[in-house]
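Please look over the sequence and the model below before reading on.

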Amino acid sequence: MGQHKRPSAALTAKYAELLTLDERAVVETRGRLGARQDNEWRDGKRAARYWDAQRVRRVFGRSSDEFCGEQRYDKTIKDVSAFHGFGTHFPTAALESVLADMVVHGRLSSSAQMMLFSFDAVVRTETALRQTKRLTPRVISLLGLVRWLHTQGVPWEKAVPAELRGEIPEPTGWLIKVPELFDRRDPDPVCIEALSAFGEKNVSGWFSKPINSARTPSVLPRAIALSAWSEIPERVFEQAVANALLTHGHPDAFLSAGAYAVLVNTLLVGGTLGDGIEVVAGELAKWPGSNVERLLRSCELTGPPPTRNELSALVEDGAAPNALALALVVAARDGDFESSVRRVSEVMPVAAPLVGGFHGARNGERGLPSEWVNRLELRDVVDRLVHDVAAVQVGLPERVWTPEWVGPYPGF
């Protein structure tokens, strides 16, 4: 990286209260000398930008909580490709993700249940934004997952902390009234324990205070709900990561969730899985040293459908990055929905919804397996949710957010 220079007077004056001496040195060498670049995608083109103080602080782990709080950016979708992809392909991607889960398990698993509550939370975020002019997706996502926790047998008075019971004396919205969602379907104990801590201790997972050190792949399927969050991949990555931190505190888990959401986002706007890996690599550069990029870079995206032996080599210890890599390889090399879903489920069933998400985002309704859609459990529920997410993001013909949505989708 070269010899460190003394921080300039201007830099010292501006960031003295924010950066350590080591961090200031990194800003000087990487930010001013360009020894390393941070690549971002803007308007469909890759632009090189030098590191600034915010990125350095994130790499050092001191400002990573910033995007977990209230957001102030405009989340309006303006890019034509994103507008079209979110409106037409997102519902199919989300539907096929849920559908793949059912193909593997015979009915919707706990992962699919959490996906549904995550879709619900995205719509509620729009309600809260219109009512309060505040954008708090992480908080609303947390409450959505707490409603799911309640369906798993945790009484509401124990699922939410005492400070909130007066404001939210009972779970709200239409989704919580679907009786089938109250079936307990072998949820990952990691999610149960992490979310239970909110009601018991009023704590939730952040970068600075991880809820645990879990790396399990149960964190991944629900991240598809954030894939249509923004036309800017960085925003998608941030929101999926912040959501994952609610239940999983290990970088392998939350970075995999961010990567999955960005990969789907890239497909939605017309890119390829290879393009998506490059976009994700640009985001992972801010969190160096994880297993996620290593595994993504090891994925062979061309060739015939992968064999079971080839996929087994990617399983390793079965953590979140492994599930993501498996899904990526299978989706890239097996274009048939059922074949690809069953292929990946032979080695890691939890990766099946990821394959379904990739398949639907890339092919849209052209690849929708009608014979399976007709057998989908809670089809009307799933269809309503995925189309309502698209409606609040970009609007659909005769389906846009109106004040009447406050009833089925209250902010809290």
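What follows covers the chain as a whole, its nonpolar core and its salt bridges.

This is a predicted model, in which local features need pLDDT of at least 70, side-chain atom pairs count only at pLDDT 80 or more, and totals for chains, interfaces and linings use all residues. Residues are numbered from 1 along each chain as its sequence is written, and side-chain values use heavy atoms, with hydrogens and water left out.

**The chain as a whole**

- The secondary structure comes to 19 helices and two strands; helices (H or I, at least four residues) and strands (E, at least two) are DSSP runs, numbered from the N terminus.
- Of the 412 residues, 58% count as buried, where buried means under 20% relative accessible area, exposed over 50%, and partly exposed in between (1.4 Å probe, protein chains only).
- Among contacts (heavy atoms within 4.5 Å) with a separation of 6 or more, 74% join residues 24 or more positions apart.

**The nonpolar core**

- In soluble globular proteins, nonpolar side chains tend to be buried together.
- The largest nonpolar core has 125 residues; such a core is a set of buried Ala, Val, Leu, Ile, Met, Phe, Trp, Tyr and Cys residues joined through side-chain atoms within 4.5 Å.
- Helix H11 (residues 251-268) gives the most to this core, with twelve residues.
- Leu175 is one of the residues with the most contacts inside the core. Not counting residues up to four places away in sequence, Leu175 touches Leu116, Phe117, Asp120, Leu181, Val381 and Leu385.

**Salt bridges**

- The structure holds 16 salt bridges, each a side-chain nitrogen of Lys or Arg within 4 Å of a carboxyl oxygen of Asp or Glu.
- Arg185 and Glu377 form one of them (3.0 Å, N to O). The two residues are 192 residues apart, Arg185 in the loop between helices H8 and H9 and Glu377 in the loop between helices H18 and H19. Arg185 is buried at 8% relative accessible area, and Glu377 is buried at 18%.
- Glu316 pairs with Arg294, the closest N and O atoms being 3.3 Å apart. Glu316 lies in the loop between helices H14 and H15 and Arg294 in helix H13, so the pair ties together parts 22 residues apart in sequence. Glu316 is partly exposed at 47%, as is Arg294 at 41%.
- Arg384 and Asp388 meet at 3.8 Å, N to O. Both are in helix H19, four residues apart, which means that about one helical turn separates them. Arg384 is partly exposed at 30%, whereas Asp388 is buried at 4%.
- Asp120, Arg124 and Arg147 are linked in a network of salt bridges.
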